[in-house]
Amino acid sequence: MLFNLFISDMLLTNSRQYVYGDDLALLHSDRSWSNVEDVLSVDMELFTGCLKTWILKLNVAKTTTTAVHLIKKAQHQLIVTLNLSPLSYNPFPTYLGLKLDRQLTYKQHLETLRATVSVRNNLLRCLAGSSWGDRTSTL
């Protein structure tokens, strides 16, 4: 709630802002990669200036860039700068618990989810199959 109060007077940016809780995503769409990079770099500077007003600090280690597009063969890495240093590029960023990919197919997210569910299923299978465990119907 306090974070929402802090960002309620955030400056208008040229890119779209998607805020949920303390997660913020900036999105800009253009036909030119250099225009996207320039706009996002300027907006990041505006955003950090706003944070300084509220005596907050951006966690640069968690701040990443990615490019989302429908061209299968394009592998462009965005170069967005903050304080004259480039932000790290992540081809599979996590936003609100979803692991995104370049074409928004959610393949990477589903693979991670499948691995997690598989481990938990194996654990339940072991508990149900042992002589000291509970009945399968209870689990």
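This is a predicted model: local features need pLDDT of at least 70, side-chain atom pairs count only at pLDDT 80 or more; totals for chains, interfaces and linings use all residues.
The residues that line the largest pocket divide into 27 nonpolar, 11 polar and 6 charged.

Four of them supply at least two residues each: strand 2, residues 23-27; helix 2, residues 33-53; strand 3, residues 64-65; and strand 7, residues 94-95. Helix 2 provides the largest share of the lining, with 6 residues.

Side chains of opposite charge can pair when their charged atoms come close. How many salt bridges does a search of the whole structure find? The search finds 1. The partners are E111 and R114, and their closest N and O atoms are 3.4 Å apart. Both residues belong to helix 3, which spans residues 107-129. They are 3 residues apart there, about one turn of the helix.

Finally, are these two partners buried or exposed? E111 has a relative accessible area of 39%, so this residue is classed as partly exposed. R114 reaches 54% relative accessibility and therefore counts as exposed, since the cut-off for that class is over 50%.

To restate the two topics: the largest pocket takes the largest share of its lining from helix 2, and the salt bridge between E111 and R114 lies in helix 3.

Key
Residues are numbered from 1 along each chain as its sequence is written. Side-chain values use heavy atoms; hydrogens and water are left out. A salt bridge is a side-chain nitrogen of Lys or Arg within 4 Å of a carboxyl oxygen of Asp or Glu. Helices (H or I, at least four residues) and strands (E, at least two) are DSSP runs, numbered from the N terminus. Buried means under 20% relative accessible area, exposed over 50%, partly exposed in between (1.4 Å probe, protein chains only). Ala, Val, Leu, Ile, Met, Phe, Trp, Tyr, Cys and Pro count as nonpolar, Asp, Glu, Lys and Arg as charged, and the others, Gly among them, as polar.
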